[in-house]
Amino acid sequence: MLGCAAAWIGYCFPVSPGVGVVHSVFSKAINLRWENGALLSITLPSVGRSAMALSLRETLDLQSLGLRAGDAATLRRSTLTLGAALTINLAQAQPWTGLCMPPLARPAPEQLLALRLFLDHEAPPHSIWRSKSKDLELEMLVRGLPENFASALLRLVGRGVGLTPGCDDLLVGLLATLIAFGANDLLVQAFSQALSPLLLRTTDVSIQMLTSALHGDFPEALEQALLALSQERDDALVVALAQLALQGSSSGYDMLAGIEIGLAYMIKERRPTMIVSHQEGKGVVAEPGVTRTTLAWGDHLMIVEFKFDKGAGSPPHAHPHEQIAYCVSGHFRATVGDEVRELFPGDSFYAGPNVPHGVVALESSLMLDSFTPIRENFIPT
């Protein structure tokens, strides 16, 4: 029986006596199903650390040990025994609690370009990056529209082959990017709420990975790549991207594709200044007889013009955004909460988060609405 030592132990990895079974074995990782149902990992140093993993000091071919799925795993007196093949001493292992990253500075467009060039040159043929532009569901995610998350994720979760399907790896990279670089909280919340009910559609290993991601726990190599992107140091970035790319057959590349989607959205969103000519605005039909034109917006504030034909309106509705509406011209009947009032040019109303409100134009009318946080689905594409 081979003996080795653990260098790091994730804060979710059990340290009390317990039992489990070997779930799956790879050259760089062994997965265990523990008695409480949790899926744990034993990894080589090159794989990096994570909350649910124990990282070994030694480098060896774990697949050559002869372990098989179903072999016993026992933890007693700081020693983890796997079948009749391997014992791991946990006594000197250092605790791993993650990098505890604060919100990072958003990368410049040049960093996003460097990431794309890396993927263009290095991503293998079976990676998500090679098919990304062909997927409608991924295009919906690129646009960053919360109302599209549910339908897009329904067709993405579990798509691909292996213990962690490629689209699941991509979603982990995307979620890590949105959190690390301080995306709009409502965007992250909408993404998480859409993802959570779909976890049972994928593999058990992927369920554990996605669940950890929803709790803000990400593999070390992924966190290091995000840090490098925020620091704008070309030498460190190349090393960090290459290190993440080593994870699995294509898992690292698929996580990088998720980072690219997140950064593409967030760099598009970040506008320290904006001047919009009215002629540049793209009007869209919001309701019959109602044309919506998004004007300027920033990270947290947006202004939108609504043009109403006589008799047209916006039925009572509610949303988590705060809204102030200003009557530019015309004549409206407005319902805000329980109050009904008529509005004339110069009048305005405020609707707090989740307060029902709506208007009907009593003649051809124009209204300006401001929202905070911004209405992601109103951003022109």
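**Reading strands, salt bridges and burial in a predicted model**

Modeller: Just after helix H7 (residues 204-214), Gly216 takes a positive phi of about 85°. Helices here are DSSP runs of H or I with at least four residues, strands are runs of E with at least two, and both are numbered from the N terminus. This is a predicted model in which local features need pLDDT of at least 70 and side-chain atom pairs count only at pLDDT 80 or more, while totals for chains, interfaces and linings use all residues. Residues are numbered from 1 along each chain as its sequence is written, and side-chain values use heavy atoms, with hydrogens and water left out.

Colleague: Which residues of H7 are buried?

Modeller: A residue is called buried under 20% relative accessible area, exposed over 50%, and partly exposed in between, using a 1.4 Å probe and protein chains only. In H7, the buried residues are Val205, Ser206, Gln208, Met209, Leu210, Ser212 and Ala213.

Colleague: How many salt bridges does the structure hold?

Modeller: A salt bridge is a side-chain nitrogen of Lys or Arg within 4 Å of a carboxyl oxygen of Asp or Glu, and the structure holds four of them. One of these joins the side chains of Arg33 and Asp204, at 2.9 Å from N to O. Arg33 lies in strand S3 (residues 29-34) and Asp204 in H7, so this pair ties together parts that are 171 residues apart in sequence. Arg33 is partly exposed, with a relative accessible area of 25%, and Asp204, at 31%, also counts as partly exposed.

Colleague: Where does the partner of Arg49 lie, and are the two residues buried or exposed?

Modeller: The side chains of Glu220 and Arg49 meet in a salt bridge of 2.3 Å, N to O. Glu220 lies in helix H8 (residues 220-231), whereas Arg49 is in the loop between strand S4 (39-43) and strand S5 (53-56), so the pair links parts that are 171 residues apart in sequence. Both Glu220 and Arg49 are buried. Another salt bridge brings together the side chains of Arg341 and Glu339, at 3.3 Å from N to O; here Arg341 counts as exposed at 52% relative accessibility, and Glu339 is partly exposed at 45%.

Colleague: With which strands does S15 pair?

Modeller: Strands of a sheet pair through backbone hydrogen bonds, either parallel or antiparallel. Two strands are said to pair if DSSP finds at least two bridges between them. Strand S15 (residues 332-336) pairs with strand S16 (residues 339-343) in the antiparallel sense over five bridges, and Arg333 has Glu342 as its bridge partner in S16. S15 and S16 form a hairpin with two residues between them, and Gly337 in the turn has a positive phi of about 65°. Five bridges also join S15 to strand S18 (residues 357-361), again running antiparallel, and Ala334 stands opposite Val359 in S18.

Colleague: Which residues of S15 make up the covered face?

Modeller: Phe332, Ala334 and Val336 form the covered face, while Arg333 and Thr335 form the uncovered one.

Colleague: In what order do the six strands of the open sheet stand?

Modeller: The order is S10-S11-S12-S19-S14-S17, with antiparallel pairing. The edge strands are S10 (283-287) and S17 (348-351), each of which pairs on one side only. Neighbouring strands of this sheet are turned by 25° against each other on average, direction ignored; the axes are lines fitted to C-alpha atoms, for helices over the stretch in contact, and angles run from 0 to 180 degrees between N-to-C directions. Within this sheet, four bridges join strand S14 (residues 322-329) to S17, and Ile324 stands opposite Tyr350 in S17.
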